[in-house]
Amino acid sequence: MKKLLLTLMCLAALVVQATPIDDLLERIDPGASRKFKIELKSAPRDFFELDQAGRRVVIRGNTWVNIGVGLNWYLKYYCGIHLSWNQMRAQLPVVLPRVERKERHETDLRLRYDFNYCTFSYSMAFWDWERWEREIDWMVLHGVNLPLAIVGEECVWRNMLLRLGYSEEEIGRFIAGPAFLAWWEMNNLEGWGGPLPLSWYARQEQLQKQILKRMSQLGMHPVLPGYCGMVPHDARQRLGLNVSDAGLWNGFQRPANLLPTDERFDEIATLYYDELTKLYGRADYYSIDPFHESHDDASIDYAEAGRKLMAAMKRVNSKAVWVVQGWTENPRPEMVDPMKAGDLLVLDLFSECRPMFGAPSIWKRELGYKQHQWLFCLLQNFGANVGLHGRMDQLLDNFYAIGHSAIGTKENNAQSSMLNSQLLKGIGFTMEGSGFNPVMFELMSELPWRPEKFAKEEWVKNYVKARYGVQDDNIEKAWLLLAQTIYNCPAGNNQQGPHESIFCGRPSLNNFQASSWSKMKNYYDPAATLKAAQLMNSAAQKLLGNLPPSGKENFEYDLVDITRQALADQARLQYQHAIADYKAFSIESFKQSSKRFLHMLMLQDSLLATRTEFRLGHWTQAALCCGTTPDEKKLYEWNARVQITTWGNRFCADEGGLRDYAHKEWQGLLRDFYYPRWQTYFDALLKQMQAQQHPQPELLGGGPNANKTASELFALALPQEVKIDWYALEEPWTLKQNNYSAQPEGDPGAMARRVMDFLKR
């Protein structure tokens with residue numbers, strides 16, 4: 001009995017001594033925590049340190065998150081293990097590689113932010129706790145200590161509106177559906193995708209509390225959603241409030257802005273924070289983005305609005321900081337200039353391309369953010385579009401130029417630049433979609449810990465070795481080629497996110513970008529991605545059976561992704577062949593070239609079927625799992641389908657330009673949504689050519705063309721775009737409920753080889 005009691009006491013002591021990093025290690029590889037010694041040490045600067053104590057590797061740091069960064073550094077550069085979105089589990093070596101010489105890294109960039117509002121809808125709309133737990137582990141390993149935490153904001157608003165006298169039905173018309181909550185939260189739209197079932201509110205409240213609890217255990221500072229002045233657009237009639245009508249956003253009715261001069265402004269703001277605090281507690285940081293993507297309104301006193309919003313936040317926590325997105329016109333200088341230094345933190349949302357401070361940019365503000373602290377952010381991805389993309393040189397240049405940005409022609413500008421450099425407090429990941437291009441986020445995460453600018457080529461070689469656990473010449477050549485081309489979108493090119501796949505755009509005679517705002521501009525030769533795919537496939541034949549488990553998983557993901565990119569780029573060339581054949585009126589050649597394009601599209605579908613991450617089913621199945629009744633499942637699946645296709649109703653899709661903004665090169669979507677569009681289009685072009693070859697009798701002689709002018713006849717002689725009601729073709733798919741599996745099918749290596757063999761023909 002005494003032995004049993006002693007054993008239980010020892011086990012209890014071990015449990016008490018376990019750290020959040022020990023728990024993380026156990027999730028990575030059960031039993032792994034016994035191989036490490038975790039030491040939390042106070043220090044004036046953020047740091048992590050790698051050391052050795054007997055057979056155990058020591059990881060020290062002044063916060064749990066910084067220790068997590070040290071763990072990730074050790075796994076990558078000592079063990080050849082890279083943990084990322086496609087894989088957050090690994091088998092560590094039985095005996096860990098020794099740290100022969102103590103390695104220490106320090107930084108003054110103490111704030112590392114994560115997430116864009118859009119991420120919560122484009123990527124996380126249907127996540128459960130298991131998926132969120134993996135994401136929080138990813139955040140720890142990559143240094144995030146300031147995550148945006150807006151899950152369950154709709155619960156706060158529901159409680160608040162009920163207290164204001166709104167009915168459940170009215171609330172349902174105001175709060176958006178699960179796939180569109182981000183744009184409701186940013187004051188862009190009302191109600192689209194709803195109404196939300198009551199079970200959704202209960203689910204999200206519980207999920208947010210789990211998220212916040214884990215973040216608290218790790219010493220993170222969650223950024224909770226603050227009050228931005230939003231009210232339902234009918235608040236003037238419904239509550240007698242003095243509001244500014246925000247009008248439409250891409251065809252959607254926007255919520256109204258409660259004017260700061262309204263006598264009930266403080267009451268309603270306080271009511272919001274009361275409900276927020278009841279559910280989720282107080283925060284040190286609140287995200288507030290008033291007047292997002294809206295034109296200046298003469299009826300709004302922006303300075304007073306800023307003062308009132310800040311005062312409402314400070315009543316909750318006098319030391320709290322307002323976090324605001326630096327995006328287009330925001331933050332408006334007249335709103336933030338009067339604020340005290342230290343009260344505002346600006347996210348320079350697109351620092352790698354259009355920084356508002358530092359490098360030259362179409363958005364550059366000569367005086368930067370003046371007295372306010374700010375973060376250098378990587379946006380990288382828009383609409384969660386699939387595709388290889390990055391700005392490696394521009395990212396490094398813009399980041400390391402900040403320290404020298406005091407150079408200026410005018411003294412006040414130079415002083416302002418120096419001040420803005422000193423007020424840089426960290427970095428941020430502000431992607432609209434998560435889970436793509438891990439190489440760019442790995443690079444970004446290391447910048448705070450690398451004080452001197454470095455050569456990207458050497459970094460890429462080390463990244464590849466860490467990601468696959470081996471060194472291979474063909475893999476190195478492939479990635480260095482990608483780093484010089486598709487991952488090196490140059491300064492001056494304002495493209496938003498990846499080069500969009502030709503498969504995903506509504507067909508026309510001049511297809512280029514799929515979405516309305518991507519600002520695509522060619523910057524790499526498609527031969528580069530083809531060569532990179534060839535090199536990866538050459539390496540695959542030799543390595544796939546010999547890689548360590550984590551390396552094999554990463555390699556298969558990248559093999560599919562790079563081969564996918566090569567096929568999409570070659571399909572863009574094939575499309576041009578088909579259109580050239582049409583314009584040349586070469587009917588038989590057009591039949592062959594269009595047939596080859598359609599075959600390439602279906603080949604892409606088969607390739608992507610081999611990985612869960614590229615299957616439509618991983619998105620739709622997650623949506624279905626959120627539902628507790630058939631009606632709920634139907635609503636959530638409809639949300640999932642609409643967001644990635646038409647985005648809105650007919651007017652918003654066509655006139656608002658939102659269709660295909662969140663397009664995806666995914667298995668299932670290619671086959672059932674994009675293929676019918678292209679097949680319909682090519683059939684229409686062929687039918688048009690055949691009709692011109694054998695015109696109807698009524699079109700001859702005295703037909704409708706008899707009285708046309710010479711210029712009108714000349715225009716008719718040119719290739720004519722066929723007219724197709726695309727929305728009528730697209731909407732039926734959004735209403736279907738056919739099942740899409742998330743389970744991979746086929747062998748990635750074999751399917752990639754099949755694609756490459758086809759491209760040789």
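Is the crossing of α2 and α5 left-handed or right-handed?

Modeller: This is a predicted model, in which local features need pLDDT of at least 70 and side-chain atom pairs pLDDT 80 or more, while totals for chains, interfaces and linings use all residues. Residues are numbered from 1 along each chain as its sequence is written, and side-chain values use heavy atoms, without hydrogens or water.

The crossing of α2 and α5 is left-handed (near helix turned anticlockwise from the far one by less than a right angle). Helix α2 covers residues 20-28 and helix α5 residues 129-141 (DSSP runs of H or I, at least four residues, numbered from the N terminus). Their axes lie 11 Å apart, at an angle of about 120° (lines fitted to C-alpha atoms over the stretch in contact; 0 to 180 degrees between N-to-C directions).

From α2, I21, L24 and R27 touch E133, D137, V140 and L141 of α5 (heavy atoms within 4.5 Å). Four of these contact residues are nonpolar, none polar and three charged (Asp, Glu, Lys and Arg are charged; Ala, Val, Leu, Ile, Met, Phe, Trp, Tyr, Cys and Pro nonpolar; the others polar).

The largest cavity holds about 140 Å³ (1 Å grid, protein atoms alone; a 1.4 Å probe fits but cannot get out; lining atoms within 4 Å of a point; points joined across faces, edges and corners, volume filled by probe spheres). Its lining has 16 residues, with F120, A125, V151, L181 and Q204 nearest the centre. Helices α4 (119-122), α8 (181-185) and α9 (198-217) each give two or more residues to that lining. Twelve lining residues are nonpolar, two polar and two charged.

Conventions: 1 Å grid on protein atoms, 1.4 Å probe; cavity = no way out; pocket = protein on both sides within 12 Å on 5 of 7 lines; lining within 4 Å.
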